[in-house]
Amino acid sequence: LRRPRYPPLPPGPPADPFIGHLRIAPTSDFGISFYNMGKTYGNLMHLNIFGRITVVVNSVRVAAELMEKRRSSSKYNDRALLRVFRIMGWTENLAFIPYGRTFQRHRRMFKEAFNKKASLNHRPVQLFEARVLAKNLMKEPDNWAKLLTRFSTAVILRIVHGHHVVSEYDPLVKLAEEEGWALTQLGSVGANLLDVFPFLQYMPSWFPGTHYAQFAREHYPKVREMYELPLRDVLERMAQGTAAESVMASQLSALHREGDRVGYTVEDIKGVAATSYIAGAETTASTLFSFMLAMVLHPECQLRAQAELDRVVGTNRLPEFDDRPSLPYLECLLQETFRWNHPLPTGVPHRVTADDVYDGMFIPEGSIIIPNIRGMTWDESLYADPFTFDPTRFLPMPEGRNEPFSGATWGFGRRVCPGRHLADASLWIAIAMLLSTVQISKAVDEDGNEIMPEVAFITSFTR
Ligand code: HEM
């Protein structure tokens, strides 16, 4: 028998026998490393580690063609098995659920809770929490980082659990923030040694490469508590008749009313709630941190946005969602924040469920696809001077360059972020509120001189 002839894999660096690209595969700041490799190997390139193929996509056009536009795009809806998250207890988590019936069930639940129309119902909570953020920031400006994190947590907890955050000692907030942090300590998604060498999870903790498994095991009880605590809390309040409106309460009521016909279980409800927090709070907070940094580094952008707010909103009231279409520069500011420093630089990896050929290149079944958002947002064919924070790039000519908003912000295909309408609205109202109420500037030393902040990031799952 003759073996069928396959087209070549996408380009990649020279590889060693057996171990493939192990010696040259990046070990940190993957987004930037993949971007740099893409300069040599192109928008679609591959790495092979012990026979496991990882395909890196550095262009929005190629990612959209692969995962959205072609007939064979449905082959790209699966997720890699990310072992370390499972060990940690994140089992009912849509972001890690393989393509199949459970995926469809969770996806539908997310859609019902957070689609464009449903997200409009969440606006009063977002507006309220944005005002709380501005008020607290005026009282405690030094506490800005904590307050931004608290805003992101409070919006999700209130919408999903009906839980009103009033104190920083709140057990649910503490648990959620701790486990949100723990998730960022697991290295880059899909690149963990545990996924290449599953046997590492069974090795003793002194064995090289087992660090992440050990860390994940230590967090297991608390992660599981993240599934249980909100449910107990909501059920208790429902029994007392004091439960606020929330995604969880309405799903539980539907289950109670309709039983099996509703198509999901209590386990699913717990999963959607815990996932909403873990996928939504850190990403939102991270984007707000980048926004603050951009404002500190580019005071001219802040002044321009504030002038626009003064013109449109005036000085007698605070901004509201209805103002959004009248604030084009503010829109550009938000979009440039996403482009300049996206909170998920390498997105969430997809997995290919059947052999595919794209543009004469072979993508074998089981390949991991990394949509390198970092590379996509620095794409020089779309963005002139891509490293510079410049919101005017999106404005029409001659003032701007008419460059497109990033098509990578929310990911691709059937896995596109289901929380995007919620996240987008939270971020918009938060930055509109901040720019209307406070001045963001560099700290000053004892002599009144401005302190230039060190621009440094921690990059793992999120940035
Ligand atoms: C700034 C905020 C956010 C950004 C930039 C963001 C971005 C993303 C990206 C890039 C993906 C990967 C999509 C893909 O695989 O191609 C994703 C997935 C996901 N996001 Fe978001 N997200 C944000 C906020 C949220 C919020 C608020 C929620 C929930 C309420 C959420 C829930 C999810 C879930 C559940 C997934 C996994 C979807 C799946 O695997 O089918 N995200 N997000």
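**Note on the predicted model**

1. Strand S1 (residues 44-49) is joined by 6 bridges to strand S2 (residues 52-57), and the two run antiparallel; strands (E, at least two residues) and helices (H or I, at least four) are DSSP runs, numbered from the N terminus, and two strands pair if DSSP finds at least two bridges between them. The two strands form a hairpin with 2 residues between them, and Phe50 in the turn has a positive phi of about 50°. Leu47 stands opposite Thr54 in S2. Because 5 of the 6 residues of S1 are buried, this strand is largely enclosed by the rest of the structure; a residue is buried if 20 or more other C-beta atoms, placed from the backbone, lie within 10 Å of its own.

2. On the basis of these remarks, the model is a predicted one, in which local features need pLDDT of at least 70 and side-chain atom pairs count only at pLDDT 80 or more, whereas totals for chains, interfaces and linings use all residues. Residues are numbered from 1 along each chain as its sequence is written.

3. As to the overall fold, the secondary structure of the protein comes to 16 helices and 7 strands. The radius of gyration, taken over C-alpha atoms, is 23 Å, which agrees with the value near 23 Å for a compact globule of 463 residues, the rule being 2.2 Å times the number of residues to the power 0.38. Of the 463 residues, 44% count as buried. Among contacts with a separation of 6 or more, 72% are between residues 24 or more positions apart, a contact being two C-beta atoms, placed from the backbone, within 7 Å.

4. Helix H8 (residues 171-183) has 13 residues, which at 1.5 Å a residue should span 18 Å, and the end C-alpha atoms are 18 Å apart, in agreement; the expected span is 1.5 Å times one less than the number of residues. The buried residues of H8 are Val173, Ala176, Glu177, Glu179, Gly180 and Leu183, and they pack against helix H7 (144-161), helix H10 (211-240) and H12.

5. Helix H12 (266-297) also takes part in the shell around the ligand, as do helix H4 (101-114) and helix H16 (420-437), each supplying at least two residues. The largest share, 7 residues, comes from H12. Of the 29 residues around the ligand, Ala279, Gly280, Gly411, Cys417 and Gly419 come nearest, where near means a C-beta atom, placed from the backbone, within 6 Å.

Technical notes: A residue is buried if 20 or more other C-beta atoms lie within 10 Å of its own, exposed if 12 or fewer, and partly exposed in between; C-beta atoms are placed from the backbone.
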